Amino acid sequence: MVTKAPSRPAGPRGAAARSRARRPLLAAGLVGGLVAALVAVPQSAGAAGAAGTRDDPKSGSSRTLTVAVAQSVDSLSPFLAQKLVSTSIHRLAYEYLTNYDPKDAHPVPGLATAWQASPDKLTWTYTIREDSLWSDGQRATAEDAAWTFNKMMTDPNAATANGSFTANFKKVSAPDPRTLVIELKKPQATMTALDVPIVPKHVWEKVGDFSKFNNDRTFPIVGNGPFVITDFKVDQYIKLKPNKKFWRGAPKFDELVFKYYKDGDAAVAALQKGEVSFVPNLTPAQAAALKGQSDIKVNDAPGRRFYALATNPGARAKDGKTFGNGNKALLDPAVRKALFQAVDRATLVDKVFQDHAVEGEGYIPPRFDTYFWQPSAGQKRAYDPAAAARTLDAAGYRKGADGKRLGKDGKPLALRILCHATDPNDKASAKYLQEWWGELGITLKVDCLDSVSDPWVKGDYDLAFDGWSVNPDPDYVLSIHTCGTLPATPKDSGATDNFICDPEFDSLYAQQAVEYDAAKRADLVKRMQSRLYDTGYMNVLAYPNALEAYRTDQIASITTMPEAAGNLWGQDGYWSWWSAAPTAQASDSGSGGSSTGVVIGIGAAVVVVVGIGIVLGLRRRSTADDRE
């Protein structure tokens, strides 16, 4: 849906900003949560010229779309980036073979204009468009796509972020500039949903060690998406300009800036002052405070994320070695079951999310109804503290005279949970968990950190607040719980979410990956969710709504995804920022504003991410909003 702001007379504006929560999580080495806030921040002609923005021919001012973000960038390399803020930026800077239609997410042309599978589904041929140019003027061809995939197939470091998409590739070739041929080892159901940024061969073939190259030293960064990344400062901002060579047409804002705010209230204040155009991941209290305010529209839509408790199943590597200091009691299915039974999801939805969420059960949010799963009445682990106590008693975890639950080693059962310091949902939920599990005699220590990445990848945790954005095709978020994504050794990093390695889950994953019948594949995906639910390793608490707000005196219209009741931040594509149109007021107010705001637009625009310090890291271990 394209939402349009009501027109109003031009007038003076204030200035200021905010953060993102749903989680405003941050990754290790990078400042905690990245909150996306859009703010049209006017710049002087001199500032605009320095940033490389295009001035409005009528007013002589630049039009900047500023988005407040609370999540740190883990890497500007498409081969390493896994956090939502990073992958969202890459969707703006690079084309994928296919895109998702903003109305209903069905596959539409991207770099490829057409695709066809052989009768046995083992060979896929893509026709590459002739009108896609890299921002340095060179033509994008099938050879760029072939090189991208071949690099991922031959260099494990290049497969860090998206290796699951190419693990089944047998051979990739480009017989001519407009033809890409991918041969598979076995059929693969994701061939029209390969969420892999295609990079320019003539630039990336000069890179040496892909594990260390973060693509953050030379600007502008060559790409072929609707925007060009022009500047980046760790935990401060990312700036983008419109790619005037983009085949679909250039964005309409002169600059797009993602500005970092560690504090969500500060981002909201900036939105109220007009310093930013857009703020994502609002808390219910923030959304309520903004509703009804002049020149601000609050968007409350079903989200594409889940909010969960991840249990450390015993961190291990592919070489069989274990590591980390996870509590051994959590290896007992009875303990995990009891913890499930002692969580009141309805209360969390009511008290923490204030009904801006749906009670969680399956792994895939209800927004994706084809794959949405719910446990049967007999399978469901409903909130039942008495049953939880009986489960522990029967498994040999008895209460001592002091009321403390004792482990098999005779010591009090005490657990730790990783919490994102910038996420109020984590903190509020943790207090309820302490109360509920405390009644069972289990102590819970809450470790709230700006970045949970370091302890997470080291396996130094018992439980953690977790979450991912789910794509229309769920293959990726399913793959991160397979044995193949474990790190090669304890010293390496892997694509695994929380070290789950279950043969039954792996078998179902392999079956769904080759199933082309939509109904049969959906059934397999639901069986995978059922298995994940039964293991107790992932306890999905809620599916939070997308709570976000933008200034209607800066953004005249912008596209939601899906079209009906959709979100703006974290889309499966570039539609929101590419389509965003500035108001006449935003174009005419070119003086008196901050030149460091984050603005996102479509047309001739520059994208800038501004923040307070973004640290690039190679691991993406933070929060729901950290990943995609």
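1. Ground rules. This model is predicted, so local features need pLDDT of at least 70, side-chain atom pairs count only at pLDDT 80 or more, and totals for chains, interfaces and linings use all residues. Residues are numbered from 1 along each chain as its sequence is written, and side-chain values use heavy atoms, with hydrogens and water left out.

2. Strand β2. Start with residues 64-69. Strands (E, at least two residues) and helices (H or I, at least four) are DSSP runs, numbered from the N terminus. Six of the six residues of β2 are buried, so the strand is largely enclosed by the rest of the structure. Buried means under 20% relative accessible area, exposed means over 50%, and partly exposed lies in between (1.4 Å probe, protein chains only). Look at both faces. T64, T66 and A68 are buried on one side. L65, V67 and V69 are buried on the other.

3. The partner of β2. Strand β11 (residues 255-260) runs parallel to β2, and five bridges join them. Two strands pair if DSSP finds at least two bridges between them. V69 stands opposite Y260 in β11.

4. The open sheet. Four strands form it, in the order β5-β6-β8-β7, with antiparallel pairing. β5 (112-117) and β7 (169-176) stand at the edges with a single partner strand each, so one side of each has no neighbour in the sheet. Neighbouring strands are turned by 20° against each other on average, direction ignored. Axes here are lines fitted to C-alpha atoms, for helices over the stretch in contact (heavy atoms within 4.5 Å). Angles run from 0 to 180 degrees between N-to-C directions.

5. Inside that sheet. β7 pairs with β8 (residues 179-184) over five bridges, in the antiparallel sense. F169 has L184 in β8 as its bridge partner. Helix α3 (residues 142-154) lies across β6 (123-128), β7 and β8. The helix runs at about 160° to β7.

6. First disulfide pair. The structure holds two disulfides, each a pair of cysteine sulfur atoms within 2.5 Å. C419 joins C448, S to S 2.3 Å. C419 lies in β16 (residues 414-420) and C448 in β17 (residues 443-449), so the pair ties together parts 29 residues apart in sequence. The S-S torsion is about 85°, so this disulfide is right-handed. C419 is buried at 0% relative accessible area, whereas C448 is partly exposed at 32%.

7. C483 joins C501, S to S 2.0 Å. The torsion is about 100°, so this disulfide is right-handed. C501 is partly exposed, at 21% relative accessible area.
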